[in-house]
Each structure stands twice: as structure tokens, then as C-alpha cells.
Amino acid sequence: MGRVTERRRVTRIRGGAVTARPDTLVAEEPLEIRLNGRPIAITMRTPGDDFALAAGFLVSEGVLASAADVRSIVYCAGAREDGTNTYNVVDVKLAPGVAVPDITLERNVYTTSSCGLCGKASLDAVRTTARFPIADAPPVRVSPALLSELPERLRAAQKVFDTTGGLHAAALFSEAGDLLDVREDVGRHNAVDKLVGRALREDLLPLDRAVLLVSGRASFELAQKAVMAGIPVLAAVSAPSSLAVDLAAETGLTLVGFLRGPDMNVYAGEHRIALQGAGV
């Protein structure tokens, strides 16, 4: 199985001095996700938590909603010419009675639209396939002070980043600020899928009392994944895209961007942010 990190020789130049030394890099390999034996997606990811990644991806696609929807998740064998396993192909078998989606060009357009290529189609697709409407019973309320502490807690939990400096991360926190889970990957969307997939396999969906924090920006795809998992609050250390803001406003998701220390922008769902006493 591929490792999370790999070593490569580099030529290092520091202050005019040139040295040769090994460097630690984050591993990146393709993962093909199959559904009942049929290919549905390929993603470039950091090896590890592959079953969770596949499950989380299928949650975001509206295929899975609970652990009972899955009969099995296995690696497909014999991917190399010599018959050895690359551990880069995962097949998800649905439980009896779970509807198998029609994997057609129309569906592929929907998965592609996660990148924001077609605004209205993307918004409509999420609205019609979301299994867990974002609810407020009782409402989740988080303070700016609590949110401001989360990036540092996420950074402290990034073990592989400390070694490579080349990984995105996503974390789930409770509304009280407790770290529930954290995953790292070369793709921030994969990190979120791993979180959601782990929650699905532990039968914890919907994550309706959780705060999702992502390193980097908040794209439409990440907002989509939060909505599909029933997560009420998505925070990012960088900017959101316009389509992510549109989706948040339409679905009731609280979307926070530019979360850096005490400073942040609330783009949608500000009713979940306890602003009293925050200088507002």
C-alpha cells in the first residue's frame, strides 16, 4: 500500500550554500472509486483512509446516507501486470434494496459541476439530492471567540504537515470547540470526504451539531459536502467562492471565511454566530 510520505533527493540552496539531502514529500496517488463494480470517479489523494474517502464521496453524491446502505468496501486486486495489488482501486457494494444511481453522462456532468462549471445546475443538484436538511432544533450557536481558536487547534493536529508542509486538512469540532476528528490529504475535498466517510461508517450522520473547518478556501464543492452531511457551520481560513456563498444562502449553511485569529467574514447563516458582545 502506498505510504503517506516518500523520500526524494533534493539540491538545497540556502544563503548561497549548496547541499544535497533527502527531503520528505507527501505521497500522491490516484484512487479509482467503483460502485457495485462500475467506475464512478478517480481522485488524486494521499493514501490512507481510502474506504472512508470512498464512502464520504458517495455521501456527497447523494448515494449513501447511513452505514446500513453499505454492504462492503474492498480493494480490487490484481491492478498491476504481475497481479499484485496497488491498493488504488476501491469498490463499494451497496446493501440490498439501496437504489443504484444511473451512472450516465448526466451524472458525470453533475459530478463535474461540483467544480462550479454550471451554477444553477450545481445548486439544483444539491437541493434535490440532500438527505439531511440543515435544521436548527435547537439551533447551533458558536461565538467568534470560539471560532478564532479553531485554526490553531487544527494546525496543532496536523501531524503529516509538520513533516512535509504539503497537505491540506479538515477537522470536525463540536459546538463547544472540542476536536472530534481531523484528516489530512493533498486535496482538501478528499480530507472532507475522509471525515464524512468515517462518520458514516460509525453511523454518526447527519453531523448536525458539528463545525467543519478547512484549510485554504471554501469552494462550492466543500460547501456541497458540508450540506450533504448535514453540517450546519463551515469555516475556512481563506476566501469562499461566489457559488459556495450562493449554496450556503440557499440551504441555510453558515459560511465563514478568512478565519484568521479574531478576524473573519460571515457570508451566510449569521444567525448561528453569537454576535452579542462581539463588537457588532
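Predicted model: local features only at pLDDT ≥ 70, side-chain atom pairs only at ≥ 80, totals over all residues.
Local features are given where pLDDT is at least 70 and side-chain atom pairs at pLDDT 80 or more, while totals for chains, interfaces and linings use all residues. Residues are numbered from 1 along each chain as its sequence is written, and side-chain values use heavy atoms, with hydrogens and water left out.

Asp-185 lies in strand 8 (residues 179–185); helices (H or I, at least four residues) and strands (E, at least two) are DSSP runs, numbered from the N terminus. Asp-185 counts as buried because its relative accessibility is 0%. Buried means under 20% relative accessible area, exposed over 50%, and partly exposed in between, with a 1.4 Å probe and protein chains only. The side chain of Asp-185 makes a polar contact of 2.7 Å with the side chain of Lys-194. Such a contact is a pair of N or O atoms within 3.5 Å; within protein, one must be able to donate a hydrogen and the other to accept it, and residues adjacent in sequence count only if both atoms are side-chain atoms. A polar atom of the Asp-185 side chain also lies 3.0 Å from the backbone nitrogen of Gly-187. Beyond four places in sequence, the residues in contact with Asp-185 include Arg-45, His-168, Asn-190 and Lys-194, where contact means heavy atoms within 4.5 Å.

Lys-194 is one of the buried residues of helix 6. Eleven of the 14 residues of this helix are buried, so helix 6 is largely enclosed by the rest of the structure. Helix 6 (residues 188–201) reaches 20 Å from its first C-alpha to its last, close to the 20 Å expected at 1.5 Å a residue; the expected span is 1.5 Å times one less than the number of residues. Just after helix 6, Asp-203 takes a positive phi of about 60 degrees.

The largest nonpolar core has 55 residues, and Leu-64, Leu-205, Leu-212 and Leu-234 have the most contacts inside it. A nonpolar core is a set of buried Ala, Val, Leu, Ile, Met, Phe, Trp, Tyr and Cys residues joined through side-chain atoms within 4.5 Å. Leaving aside neighbours within four places in sequence, Leu-234 is in contact with Leu-212 and Leu-255, among others. A second, separate core of 19 residues includes Val-140, Phe-173, Val-233 and Ile-273.

In helix 4 (residues 144–156), the buried residues include Leu-146, Leu-150 and Leu-154. Strand 8 is among the elements that cover the buried residues of helix 4, as are strand 7 (168–174) and strand 9 (210–214).
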